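Biologist: Walk me through this model, please. I want each label set against its definition.

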Amino acid sequence: MNRQPLIIKNQRWLDFLFHRPNIHLASFQTISNYPRIWIISILILAVTSLSPLVMATFINNRLIHKSVDAELVLQTDRVTSNAKRSMRFFLEERLNALRFIVNELPYYTLIDNEHLAKILGNLKLGFGGFTDLSIIDADGSQIAYAGPFNLEGKNYKTQSWFTQGIEQDSFISEVFTGYRDIPHIIISVRSETAYGRHFLLRATLDTQRLMDMLSSYKTNVHTDIFLLNHSGILQTPSTIFGKVFTTAPITIPAFSDTTQVITPEINKENAYVIGYSYIDTEAVTTPFILMVHKKKSDVMGTWLNLGKTFNWIIGICCLVMMVIITLVSTFMVNQLYLADQAKAETMLKMEQSQQLACIGQLSAGIAHEINNPLALINETAGYLKDLYQYTGEHRSDKEITELLDDILEAVSRCGTITSQLLGFVRQFDVQISSVDVEKMINGILSFHKKETEYKGIHVTTIIAPNVPAIETDRGKLQQILLNLINNAFQAIEANGCLDILVSHLPPKKISIEIKDTGCGIPEENLKRIHEPFFSTKKEKMGTGLGLSITYGLVKKLQGTIRVESSEGIGTIFTVTLPVKMQKEEKA
Amino acid sequence: MKIILVDDETKFINMLARRLSLRGLEADVAYSGDQALEKAAQTRYDIAVLDMKMPGMSGFTLKRKLLDQLPDIKFIFVTGHGTLDQNGVPDQFDDIFLAKPLNIDTLIDTILQRLHPDQ
């Protein structure tokens with residue numbers, strides 16, 4: 001019926017959140033809003049302990065990223081300018097060699113194929129990277145050729161490199177395949193014959209040599225170095241964008257003949273840095289843009305991973321701290337709540353017992369003084385009635401005997417009230433002796449024998465076989481049982497039931513359960529039944545002291561009393577008493 | 001059967017004696033402990049109904065002194081302090097305590113029971 005204690009036990013840690021508000025206790029509590037204190041405590045602890053950690057992490061992250069960025073830019077810049085310088089030197093060196101040849105040797109020696117082949121051999125020895133050499137006259141016809149391909153007699157008049165080359169002193173072409181279907185670069189120098197006619201000394205450069213040189217600058221796999229022409233077509237293969245002659249999906253950077261580094265603002269996963277420079281030689285501009293592409297996440301992976309690990313550790317720390325903070329706060333606030341609750345309970349009890357003591361002293365004094373005149377009224381009225389009954393005079397005068405009966409009944413009511421009032425004082429002075437509960441119950445029930453038969457009440461007494469004789473105050477226990485059994489009889493209607501159950505609660509307690517099928521107690525009254533002078537039995541001459549005294553007596557016997565009631569179904573009073581009552585130390 | 005009633009409330013005790021006599025129980029009255037002892041010296045009472053609290057000698061003192069004179073005498077105490085056994089439930093003591101105001105039938109029943117516990 002009553003499961004509340006179990007639930008409370010499970011929620012021991014969260015009592016302050018799930019307690020049922022008690023108006024009586026609330027007025028004695030120091031703090032009223034525990035959930036608020038709990039939340040504030042968690043917040044303050046969390047903010048003060050976590051914010052330095054979070055801030056430090058944030059600053060650390062910014063620092064890592066900044067230094068990573070700076071380092072990356074620096075690296076890229078260095079690689080780009082180094083590669084650019086080499087590239088420029090590579091082209092200039094070869095262009096100057098051609099210039100030297102045309103200036104040093106007369107035209108007729110140049111157009112001698114054998115001589116040309118010798119020159120090519122020397123160039124290959126001295127510089128490397130040359131594939132073939134040829135002399136082309138102003139009409140585009142190839143006059144002489146030295147090299148591995150059979151290109152003698154070809155006419156280049158329509159080729160774009162030729163038209164560009166014949167118009168300037170020096171010329172460097174893009175990478176293209178031309179007649180031989182192999183990617184190559186053409187460099188050419190223009191000169192004049194003795195007759196003042198222009199001719200071109202053209203050399204084909206092996207792109208492999210160029211690619212080898214560029215890839216020597218690739219410090220690691222995350223760096224990509226390649227050449228683009230001005231329209232974005234790859235001139236050397238790229239690890240990211242693919243083979244030669246494919247169009248790289250990047251915007252062509254603005255012209256700059258010095259090294260530039262740009263860091264495009266894109267998502268962190270694919271962040272990269274691009275270094276570039278347009279390559280120009282002293283003599284001629286080239287169609288090449290040197291591009292260095294570095295992936296940030298890969299290059300600086302170690303750093304970024306370190307940062308990530310750090311963040312994880314800090315995150316887990318924060319989580320652990322939050323859990324600890326929450327647990328500690330919950331525990332502390334709950335302890336606070338329990339202490340406050342205990343204090344409030346003690347104060348409430350003190351107030352109640354003080355009230356009881358005051359009422360008790362006052363009423364006992366009055367009751368005692370009233371009892372003597374009351375006894376006199378009782379006897380006098382009784383004697384008057386006796387006179388009528390025993391002497392036979394006025395026996396027919398029923399009205400007078402009825403009036404006398406009324407007086408006697410009123411006196412008996414007063415007597416009940418005063419004797420109950422006196423019960424308050426009797427909470428002192430305990431005499432312990434051995435009591436057989438069964439005998440006592442049967443003794444009390446015997447007074448209700450007539451009522452039992454008259455109302456047809458079914459009385460059951462069950463005494464568990466292992467119930468020991470208890471050591472307690474006989475008189476007080478008697479009054480407790482008397483009060484409770486009287487109450488039960490008053491509540492029970494005709495043909496009701498009264499069950500009395502005595503059981504042993506090992507090791508040191510017994511419980512007496514008095515269960516009636518009476519009218520029950522409404523819930524709003526349940527809390528007040530132990531208050532003195534609280535009674536609902538106005539017509540049935542209740543004093544409102546019976547249960548109040550009973551509660552006091554049970555406490556005096558170091559026991560507890562509990563009441564469960566459902567309106568219209570019945571009431572169960574359970575008294576729990578120690579088997580052996582301890583002697584109280586006199587205060 | 002000899003009964004003695006002792007109480008300092010004279011009117012009360014006289015009225016009680018008269019009511020008892022109407023019911024066929026003759027009782028002597030005494031208004032103090034000393035008076036009771038005097039009367040006990042002359043008559044062998046079977047039972048004494050004593051007020052607990054009287055000026056001079058208390059009910060318990062009187063009980064002891066009466067026992068010296070009449071070892072077989074039985075006692076019923078009457079008290080304005082109320083008792084635990086207002087319904088006449090026997091206590092562990094030999095004596096019986098009854099609360100004022102008294103119910104005359106309870107008193108007579110108790111007297112008879114004290115004198116003839118076997119019946």
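Modeller: Start with strand 11 and strand 13 (residues 497–505) of chain A. They pair in the parallel sense over six bridges.

Biologist: What makes strand 11 and strand 13 of chain A a pair?

Modeller: Two strands pair if DSSP finds at least two bridges between them. Strand 11 and strand 13 of chain A have six bridges, so they count as a pair. I462(A) stands opposite L501(A) in strand 13 of chain A. The strands themselves are DSSP runs of E with at least two residues; helices are runs of H or I with at least four, and both are numbered from the N terminus.

Biologist: How far can I trust the numbering and the values?

Modeller: Residues are numbered from 1 along each chain as its sequence is written, while chains are lettered from A and ligands numbered from 1 in the order in which they are written. This is a predicted model: local features need pLDDT of at least 70, side-chain atom pairs count only at pLDDT 80 or more, and totals for chains, interfaces and linings use all residues. The model scores ipTM 0.84 and pTM 0.48.

Biologist: Which strand does strand 15 of chain A join, and over how many bridges?

Modeller: Strand 15 (residues 560–566) of chain A runs antiparallel to strand 16 (residues 570–578) of chain A, joined by seven bridges. V563(A) has F573(A) as its bridge partner in strand 16 of chain A. Three residues lie between the strands of this hairpin, where G568(A) takes a positive phi near 85 degrees.

Biologist: How do you know that the span of helix 6 of chain A agrees with its 14 residues?

Modeller: The expected span is 1.5 Å times one less than the number of residues. Helix 6 (residues 113–126) of chain A should span 20 Å, and its end C-alpha atoms are 20 Å apart, so the two agree.

Biologist: Which residues of helix 6 of chain A are buried?

Modeller: L116(A), I119(A) and L120(A). They cover an arc of only 105 degrees around the axis, which puts them on the same side of helix 6 of chain A. The arc is that of the directions from the helix axis to the C-beta atoms. The face turned away from the buried side carries the exposed residues E114(A) and L125(A). After helix 6 of chain A comes G128(A), with a positive phi near 80 degrees.

Biologist: Why is Y337(A) called buried?

Modeller: Buried means 20 or more other C-beta atoms within 10 Å of a residue's own, exposed means 12 or fewer, and partly exposed is in between; C-beta atoms are placed from the backbone. Y337(A) has 20 C-beta neighbours inside 10 Å, so it counts as buried.

Biologist: What is Y337(A) in contact with, leaving aside neighbours within four places in sequence?

Modeller: D15(A), F16(A) and Y34(A). Contact means that the C-beta atoms, placed from the backbone, lie within 7 Å. The C-alpha atoms of Y337(A) and D15(A) are separated by 7.8 Å, though the two are 322 residues apart along the chain.

Biologist: Where does pLDDT stay under 50 in chain B?

Modeller: Over residues 83–93 of chain B. pLDDT is the predictor's confidence in each residue, from 0 to 100. Where it is low, the predicted coordinates should not be read in detail. Chain B averages a pLDDT of 82, and 86% of the residues score at least 70.

How values were computed. Contact = placed C-beta atoms within 7 Å.
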